[in-house]
Amino acid sequence: MKTGTIKQILLITDGCSNHGEDPVAMAALAREFGITVNVIGVMENDIIDEQGVREIEGIARQGGGVSQLVYSQVLSQTVQMVTRKAMTQTLQGVVNQELRQILGNQASLENLPPEKRGEVLEVVDELNETVDLEVLILVDTSASMKHKLPTVKEALLDLSLSLNARMGNNQFSLFIFPGKGNEVEKLLDWTPKLESLTTVFAKLNPSGMTPTGPALKEAITYFKEKHSVRGYLSRHDDEFYEESI
């Protein structure tokens, strides 16, 4: 079964967007490009407003991903759980698509006999450990997130350690919103490790705006640029190979 690379956006925020494009619409656009959008809503003292909850759930639903509200104290476990749960969900979607092609439109994993379903789920579990993964992390650095950023940093380092134990290749990238003088700022280009976050997070200066929609839009563009460059290089490698023989 050919799955390619699983592409995820991991959005970590504590409230509503208040600037720029509709983030729910941007999440739907990401899904059209094969990018899953997962959202973690970070609560403090049991507080996160209803509008924020609706937005978090809407972004994940339209982005085909997972959403989770969490207290900052247990953020680390949640970041790992959401990332892995979304991988499984994506792979099961691929399996269902393959089954429909083979058995017809009504076929799905849930409709298989128990023994066959167990066999397929074993394949999904194996792919979870071997498929290539790209996670673009979007961190809300609006003013209300200031005291939560050290916890976010530790959670992302734990995520890196957890996923680097997989056999598949992992690539991470980190953007913040708002950025320094811009709605969105790239802090970390694609890398297999997130250790450099230690120095990056110490320099952040949280401010008031929450441009979640523009941040998601920038993330989509960044994914598209990465894969268009890869496709361009691949085509030219093929041309070079053909010329050399």
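Mentor: Let's go through the salt bridges pair by pair. Keep in mind that this is a predicted model, where local features need pLDDT of at least 70, side-chain atom pairs count only at pLDDT 80 or more, and totals for chains, interfaces and linings use all residues. Residues are numbered from 1 along each chain as its sequence is written, and side-chain values use heavy atoms, with hydrogens and water left out.

A salt bridge here is a side-chain nitrogen of Lys or Arg within 4 Å of a carboxyl oxygen of Asp or Glu. Searching the whole structure turns up six of them. One of these joins R54 to E50, with 4.0 Å between the closest N and O atoms. Both sit in helix α2 (residues 50-62), four residues apart, which is about one turn of the helix; helices are DSSP runs of H or I, at least four residues, numbered from the N terminus. For accessibility, buried means under 20% relative accessible area, exposed over 50%, and partly exposed in between (1.4 Å probe, protein chains only). R54 has 54%, so R54 is exposed, and E50 is exposed too, at 62%.

Now look at R84 and E129, whose side chains meet at 3.0 Å, N to O. That pair ties together distant parts of the chain, 45 residues apart: R84 belongs to helix α3 (residues 75-103) and E129 to helix α4 (residues 114-130). R84 is partly exposed at 26%, and E129 is partly exposed at 30%.

Finally, K153 and E154 form a salt bridge at 3.7 Å, N to O. Here K153 is buried, because its relative accessible area is 17%, while E154 is partly exposed at 40%.

Notes
Helices (H or I, at least four residues) and strands (E, at least two) are DSSP runs, numbered from the N terminus.
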